[in-house]
Amino acid sequence: MRRLAPWGVLGALLVPFALAAAPAMSGPVERQAVNITAISMFLTFVVATLGITYWAARRTRSAKDFYTAGGGISGMQNGLAIAGDFMSAASFLGISGLVFASGYDGLIYSIGFLVGWPVIMFLLAEQIRNLGKFTFADVASYRFGQTQIRTMAALSSLVVVAFYLIAQMVGAGKLIELLFGLDYWMAVVAVGVLMMIYVIFGGMTATTWVQIIKAVLLLSGTTFMAFAALSAFGFSPEEMFRQATEIHPTGLDIMGPGSLVQDPINAISLGLALMFGTAGLPHILMRFFTVPDAKEARKSVFYATGFIGYFYILTFIIGFAAIVLLAQHPEFFKPEALSAEGAVLSERLISGVDGGTNMVAVRLAEAIGGNLFLGFISAVAFATILAVVAGLTLAGASAISHDLYASVIARGRGSEATEIRISRFATFGLGLVAIGLGIAFESQNVAFMVGLAFAIAASANFPVLVASIFWGRMTTRGALAGGFAGLFSAVVLTVMSKAVWGDVLGHTAPGPDGAPVPIGLIGLDNPAIVSIPVAFFFIWLVSLLDNSEQAQRERIAYRAQRIRCETGIGAEGAASH
Amino acid sequence: MQRKTIDAIEANPHYQELVRSRKRFAWVLTLLMLAIYYGFILTIAFAPELLAVPVAEGAITTVGMPLGILIILSAFLLTGLYVARANGRFDRLTKTIQEEAR
């Protein structure tokens, strides 16, 4: 089964691609005509990654192979894979679109996503590597009641993965519909099926290589794009900024902070969620088990931070250059954005981009390198989504098989073969759920979901993880209380925020001009500023009040945990092959 | 891990030095990153106009642009600083401790 299946499914996959060609030609206006260049480049990527999956499947025998690629990934490779896991299509297309629309605000967002990495480096990377085996729950539950802490960690992992996955699937469907001219549901199914093949057959090895290839493609594509764009301004950022401010409807305002950040509380809260959320994302934390030791774990963060930071600088250049360069191409705009002479109207520059501002990077690719480069960037965007969802699904499946099944249900007595089988079934199940939810949420507003995923990661996973590593007095009860308090407050506050209460649930109030505007029950857009302290407070309070016998044992066990954490004595090694 | 081994390692001056110096170094760098980032966020929140000042008379480029890039670079440099120290001095100490624990 392992030898044949990837190729059989590839054949099945090609069918919808072929079928899609005919009806898509007459699709809605904003959709692309079927893009043959893009599809053939993407198919090349698919064939290459399926080849890797086939190779990976033959090396994936033990649970360690499946969850961590045998622990033999180098720091450099893992750094690229982490970057591949983290640089989503949302950050490539979304942030360049944000820069295009509001200039400097886009940079503020990128910086928020980046600064979590040093924190991971200083407080978590090597500690996680030394203490854990397959999932971050290994670390969080190290000296605690396995059943309770693992259940909680698995639950919050699954919640984070679910929200992140829905946002990715919906984004994938819309993007691919736009780029490739495929129907929305076909795009979602294609992403879901490919991702299942990578993970089920190739486990972490295939997932890692898909992420590495995607990272290299994305970094080289955006590098070319940024350099080509800058060359149009004689490599002078000043010249680029000058022309951009002349064309952009808000003029010089794009050169400083704008409306993204409304008030100090929301600014800090968003910053907290971005910074500490990164340090609590299960699919990111899982990557630290793929390297052989603490030294390589540190190197991975160093390389990842470099790649991600470089990438954000490129998206910033791309967004700014697009303001000037797209305005020279009226064909990229809706008819109503053009003057009688056919030039782009400055005041319609932002609203008039055909396909919306998320398409800015893609349009710029076309402007720079014609259809060939457009095809390349479209294929890269598709590959980007695939790599991210594969990583997410693997993390979700490990939470089910390694944490829930092996440690909670089988209590460590299940066989390794059963555990791997369960994680494959879990991947299949999660894939189906992702496809189903992706289709169900097609016309829903999912913008809040990535924010919510980061908020939950920052408020439930991060505090428990940090306290279990650094605070010897924490007990099982304290961790449970803090973790659930963080999870619960993050979800409740998000539901009460404008993004969900107003935009999704449709609660409105009359605005200044009498027209209804969406409102929230509270003025807080992101819960982190409340929910992170709530989690730490409950960890602290309940742990201090806990004087049970178990709590005493756990406090004593911290000494051994700390030695392993600091020195790596007793840590999981790399597999021998 | 045996109780005896734990006691021995905890009493090892190399171990104490490792724990102390790594803790200090990691928290100093963490606080530095937090200070840089929240300094930036608070400037945006309370005095956004400071970032919109041109870098020179008549220039379009604002102070915020190089500053933003510098923050990105600082994140990279701080992680580099940690790796340099950890892969050198901390790992040498760790190796000594591991050998002495044998």
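A pocket, in the search used here, is an open set of points on a 1 Å grid over the protein atoms alone, with protein on both sides within 12 Å along at least five of seven lines, and a cavity is a set of points where a 1.4 Å probe fits but cannot get out; lining residues have an atom within 4 Å of a point. Grid points are joined across faces, edges and corners, and a volume is the space filled by probe spheres set on the points.

This is a predicted model, in which local features need pLDDT of at least 70 and side-chain atom pairs count only at pLDDT 80 or more, while totals for chains, interfaces and linings use all residues. Residues are numbered from 1 along each chain as its sequence is written, chains are lettered from A and ligands numbered from 1 in the order in which they are written, and side-chain values use heavy atoms, with hydrogens and water left out.

**View 1. The second largest pocket.** This pocket holds about 360 Å³ of space. Its lining is made of 18 residues, and D293(A), A294(A), T567(A), G568(A) and Q98(B) lie nearest the centre. Two or more lining residues come from each of α8 (125–131), α15 (294–327) and α22 (549–567) of chain A and from α4 (64–101) of chain B, where helices are DSSP runs (H or I, at least four residues) numbered from the N terminus. The largest share, four residues, belongs to α4(B). By residue type the lining divides into three nonpolar, five polar and ten charged, with Ala, Val, Leu, Ile, Met, Phe, Trp, Tyr, Cys and Pro counted as nonpolar, Asp, Glu, Lys and Arg as charged, and the others, Gly among them, as polar.

**View 2. The largest cavity.** Four cavities of 30 Å³ or more are found in a search of the whole structure, and the largest has a volume of about 50 Å³. Among the residues that line the largest cavity are T135(A), F136(A), P282(A) and D403(A). Helix α16 (residues 360–409) of chain A gives the largest share of this lining, four residues, and the lining as a whole comprises five nonpolar, three polar and one charged.

**View 3. T79(B) in helix α4 of chain B.** T79(B) has its place in helix α4 of chain B and, at 0% relative accessibility, counts as buried (under 20% relative accessible area; exposed is over 50% and partly exposed lies in between, with a 1.4 Å probe and protein chains only). Leaving aside residues up to four places away in sequence, T79(B) touches P118(A), M121(A), F122(A), F302(A) and T305(A), contact meaning heavy atoms within 4.5 Å.

**View 4. N266(A) in helix α13.** N266(A) is found in helix α13 (residues 264–278) of chain A, and at 10% relative accessibility N266(A) counts as buried. Not counting residues up to four places away in sequence, N266(A) touches G523(A), L524(A), D525(A) and N526(A). The C-alpha atoms of N266(A) and V530(A) are separated by 11 Å, although these residues are 264 residues apart along the chain.

**View 5. Two loop residues with positive phi.** Most residues other than glycine have a negative phi. A69(A), in the loop between α3 (63–68) and α4 (75–86) of chain A, has a phi near 55° and, at 12% relative accessibility, counts as buried. F235(A), in the loop between α11 (184–231) and α12 (237–247) of chain A, has a phi near 55° but, at 49% relative accessibility, counts as partly exposed.
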